[in-house]
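User: I have a protein open on my screen and would like to go through it with you, a piece at a time. Could you start with the terms you will be using?

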Amino acid sequence: MTAPPPRGRPRGKVRRRLLPRPRVMLGVLLLVLFVGVLVVQAYINAEFTGDHAETEVGDQAHVPAAVLHGGPIVNTTGGQESTTSMPPKTIALTFDDGPDPTWTPQILDLLKKHDAHGTFFVIGSEVARHPALTKRITAEGSELGLHTFTHPNLQRIAPWRRTLELSQTQVVIARAAGVHTNLARFPYSSKTLAIDDTNWKIVKDAGRQGYLVVVNDLDSEDWQRPGVDQIIRNATPTGDNSAIILFHDAGGERSQTIAALERFIPMMKARGYRFTTVTEGLNGSIALSKSAVPALPVNPPAARSDMWRGSAVIWTVRLADGLVWSIAGLFLVVGLLTIGRTGILLLLATRHARQRRKKTWSWGPPVVAPVSVIVPAYNEKEGIEAAVRSLACGDYPDIEVVVVDDGSTDGTASLVERLRLPNVRVVRVPNGGKANALNTGIALARHDLIVTVDGDTIFEKDSIRNLVQAFADPLVGAVAGNVKVGNRQRMVAAWQHIEYVIGFNLDRRLYEVLGCMPTVPGAIGAFRRAALTQVGGISDETLAEDTDVTMALCRAGWKIVYEERARAWTEAPTTLEQLYRQRYRWSYGTMQAMWKHRHALFDSGPSGRFGRVGLPFLALFGVALPMLAPVCDIMLVYGLVFWELRETLVAWSGMLALQLFTAFVAFRFDRESLRPLWRMPLQQFAYRQLMYLVMIQSATTAMTGGRLRWHKLHRAGLVPRTSDVEPIGRVAPEVDTWPSTRGHAEPEHPAAGRAVAPPVPAQSPTGIGPDDLGPEDLPSAGSPPGGGTGPVYTG
């Protein structure tokens, strides 16, 4: 009988997801939210520019002659095809494109002053923004008509949207003023003589929906601002003719309109004209014709269902406006932060680089004290041999390497033992986490200068020597080395290479000058034993143990410095899923460390300095700026789709140029080839979006008190230099030059040494203990190599 498969193991082929499902859901929700808001905002702001082009008058063969030469009120309801004019010596003042909070109140005041009423053909989106002003129009005896929701050219949009433009305006009027209107005026319309076959179909369709279409007899052309006298001449009827006259109460500066009406209304009243609304004038004409058609009510009450629908539309507009204004405000904040950060970064980093490159620069007398190198390792078989060889065979005079095998299940410890290197010891401990492994190694180390290294990291021959020279200064408690991406041939790793040089290595120069280095990277860092003892060793209270201990050292008054010549080559994640997990842990762990050390804000002395300089700087530029940075891409997409393409591209190119300049400076400081920078524009559109999700989810996890577990990264080992491999840029130095001992049953070298230490108890104040973790959840690295939360941007 065949044994059943182990419980929980998939029976078929495992299909790997690009990203874990929760991240996909979060990303999709955010994408849908922002896209929805931007589309709604673009719609209500009439930014679909193709909808607003005027069209020439076309063929009029199917337009009845009675309509072409008739009055300005066109009635196609109930299958009719008739027009109506105002009664003799009657003027209907009509105002398009409002309500406007600046000009509409002035026009209403003027109408009230001269005992006149008007008809306001309103834009639905503006009614939604100014419902109280809309209510005032009807309360003071004037009338409302529809001028669509977003002012499109109805000839250029689909029939379903024409209906929507009118119905949405109707319902927001119902909610704002509690009334219904039977009048509609199409944008870009003029007189009946301009109605062509295309427009006639639209007019008849509006009639089937119950609307009377209103054009005009006279156009004041106030929108051209030709001067008050010319506006009055354009609006004055000839003889005693009646007229529906077109003015505007929005859409631009309307002071000439106000001044012209101030003179026009008294002048026409003196000539015996009366001013009325369109509906009142229509009723007057019906009465004069002695028709059986009933009079239409002015501003009839709206149906309650329309009022409810109008509420939904108004709140949608308010929400879209609010979010877009928030995005615009954040865009301004991000821009200021980016420019400020870039200026500070370039100024202080340049100062640091110039200082270090002076021929007279020195930390002090050469440091030759023995060094203990601690390598915590959990299932690092792919890279542990190369890593240990690079450490043990450095050019420093006295190096002790202590490999702490943290309960590995892949034979990591055996591989190290078979190297038979005389200055390497292996310490086996039950699995207890990275902090526990580090503390065990430090406790068993023989020397007072401690170097900590990740098990996947390769040192250059002079890295340890360069790293510890800073200890010539007795105030230096820790030194951060220069982390390099060793597998940068892959695109995802190459993007990280750019990020390491710009966002980490350049930042470290800045942090040293400010005296608030937040992280000595786990991949390459050096400590005084006395400094570690003072702060209680490596804490396991956060997932970023290296950031945690560095902050503690800063608060204790120790100097933390950066040594660019001490290079370590690490293997970066090569898949988006692995990258996401790593950065998620980095970001969350750093937030934990910042929260843990928050009391430094209120301390005095070195702790207070770190709290009032380092923490705010890290919070502002390491957390807030990366979290707000997506608004730049949002505004780019919005501009490309809805705004002027040329101006948007110019603005984006300017920001990219700023980033490229910062990158150029960073790469020159690090003596790196500039070739990888051709990938930077693509990085802006792909890599950064992933980092946005990392920051947002990390912050969400932190604020909701969620629990994050370690995730072991899958390693392939760094590729050494060979004659048939053309590296892209620099790669890790080749260290695999000894004959392989893997699989050989040779006797153990007497100098190799092996100690089996008792486990150092790991505290779990966060509620996460070893029993909560599976093998795939255990640590490989704690924090970003340069400090901060991982994704750091310069623009």
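Analyst: Two strands are said to pair if DSSP finds at least two bridges between them, and the helices (H or I, at least four residues) and strands (E, at least two) are themselves DSSP runs, numbered from the N terminus. This is a predicted model, in which local features need pLDDT of at least 70 and side-chain atom pairs count only at pLDDT 80 or more, while totals for chains, interfaces and linings use all residues. Residues are numbered from 1 along each chain as its sequence is written, and side-chain values use heavy atoms, with hydrogens and water left out.

User: Fine. Which residue in β10 is the bridge partner of I91?

Analyst: The bridge partner of I91 in β10 is F275. Strand β10 covers residues 274–276 and pairs with β3 in the parallel sense, over three bridges.

User: What else does β3 pair with?

Analyst: Strand β9 (residues 243–248) pairs with β3 in the parallel sense over six bridges, and within that pairing A92 stands opposite I244. Strand β4 (residues 119–122) is also a parallel partner of β3, over three bridges, with F120 as the bridge partner of F95.

User: And what do β3, helix α3 and β4 make?

Analyst: Together with helix α3 (residues 103–113), β3 and β4 make a right-handed β-α-β unit. Right-handed here means that, with the strands pointing away from the viewer, the path from the first strand over the helix to the second runs clockwise.

User: Why is β3 described as largely enclosed?

Analyst: Seven of the seven residues of β3 (residues 90–96) are buried, so the strand is largely enclosed by the rest of the structure. Buried means under 20% relative accessible area, exposed means over 50%, and partly exposed lies in between, using a 1.4 Å probe and protein chains only. Both faces of the strand are covered, with T90, A92, T94 and D96 buried on one side and I91, L93 and F95 buried on the other.

User: Changing topic, how many disulfides are there?

Analyst: The count comes to zero disulfides, where a disulfide is a pair of cysteine sulfur atoms within 2.5 Å. C516 is in no disulfide, and its nearest cysteine sulfur, that of C554, is 7.2 Å away.

User: Are those two cysteines buried or exposed?

Analyst: C516 is buried, with a relative accessible area of 2%, and C554 also counts as buried, at 7% relative accessibility.

User: What about helix α19, how far does it reach?

Analyst: Helix α19 (residues 576–596) has 21 residues and reaches 30 Å from its first C-alpha to its last, close to the 30 Å expected at 1.5 Å a residue; the expected span is 1.5 Å times one less than the number of residues. The helix is mostly covered, since 18 of its 21 residues are buried.

User: Now Q256, where is it and what does it touch?

Analyst: Q256 sits in helix α9 (residues 255–270) and is buried, with a relative accessible area of 17%. Not counting residues up to four places away in sequence, Q256 touches R225, P226, G227, V228 and I231, where contact means heavy atoms within 4.5 Å.

User: And A66, buried or exposed?

Analyst: A66, in helix α2 (residues 65–68), is exposed, with a relative accessible area of 55%. The C-alpha atoms of A66 and T83, 17 residues apart along the chain, are separated by 7.6 Å.

User: Last one, what about the protein overall?

Analyst: The protein has 24 helices and 19 strands, and 56% of its 795 residues count as buried. Among contacts between residues at least 6 apart in sequence, 83% join residues at least 24 apart.
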